[in-house]
Amino acid sequence: MPIDITEIDVAEAQRRLASGARLFDVREPGEWDEVHAPEATLVPMSELVTRWQEIDGGDQPAVVICHSGARSARVVAALEQSGVAAVNLVGGMVAWEQSGAPVVRDAQGEPRHGH
């Protein structure tokens, strides 16, 4: 039976980050290079098996983000099963950017294509 996960929106994520939570981006390095949240730490989903213990939200559950929220939901479920408190940022980087939240882009500053 799938584990229930907590999902939050960008506004709630920003509130949590402002009060000390940490943001973990589980996309791949190429996606990260294109655009990412400035306060995020990259822990690619493909490396999660060996790096999951690096995900620590401090005094609060870790906030996990991907491109659209699907991969991060799977990661949050896996973390919760491993005893790591985490929440999923619904809509991922798509929602983050659409909300007007700050982003870091690659040197070309090109918008994302094909995702």
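A residue is called buried when its relative accessible area is under 20%, exposed when over 50%, and partly exposed in between (1.4 Å probe, protein chains only). The model is predicted: local features need pLDDT of at least 70 and side-chain atom pairs count only at pLDDT 80 or more, whereas totals for chains, interfaces and linings use all residues. Residues are numbered from 1 along each chain as its sequence is written, and side-chain values use heavy atoms, with hydrogens and water left out.

Helices (H or I, at least four residues) and strands (E, at least two) are DSSP runs numbered from the N terminus. Helix α4 comprises 12 residues, 70-81. Its buried residues are Ser72, Ala73, Val75, Val76, Ala77 and Leu79. They pack against β1 (6-8), α3 (48-51), β5 (62-65) and β6 (86-89), where contact means heavy atoms within 4.5 Å. After α4 comes Gly83, with a positive phi near 90°.

The whole structure holds 7 salt bridges, each defined as a side-chain nitrogen of Lys or Arg within 4 Å of a carboxyl oxygen of Asp or Glu. Three of these pairs are tabulated below.

| Pair | N to O distance |
|---|---|
| Glu12 and Arg16 | 2.9 Å |
| Arg27 and Asp25 | 2.7 Å |
| Arg71 and Glu31 | 2.8 Å |

Arg71 belongs to helix α4 and Glu31 to helix α2 (residues 29-34), so their pairing ties together parts 40 residues apart in sequence. Glu31 is buried, at 11% relative accessibility. Arg27 and Asp25 are both buried as well.

Glu12 is partly exposed at 23%, while Arg16 is buried at 18%. A network of salt bridges links Glu12, Arg15 and Arg16.

Note on methods:
The expected span of a helix is 1.5 Å times one less than its number of residues.
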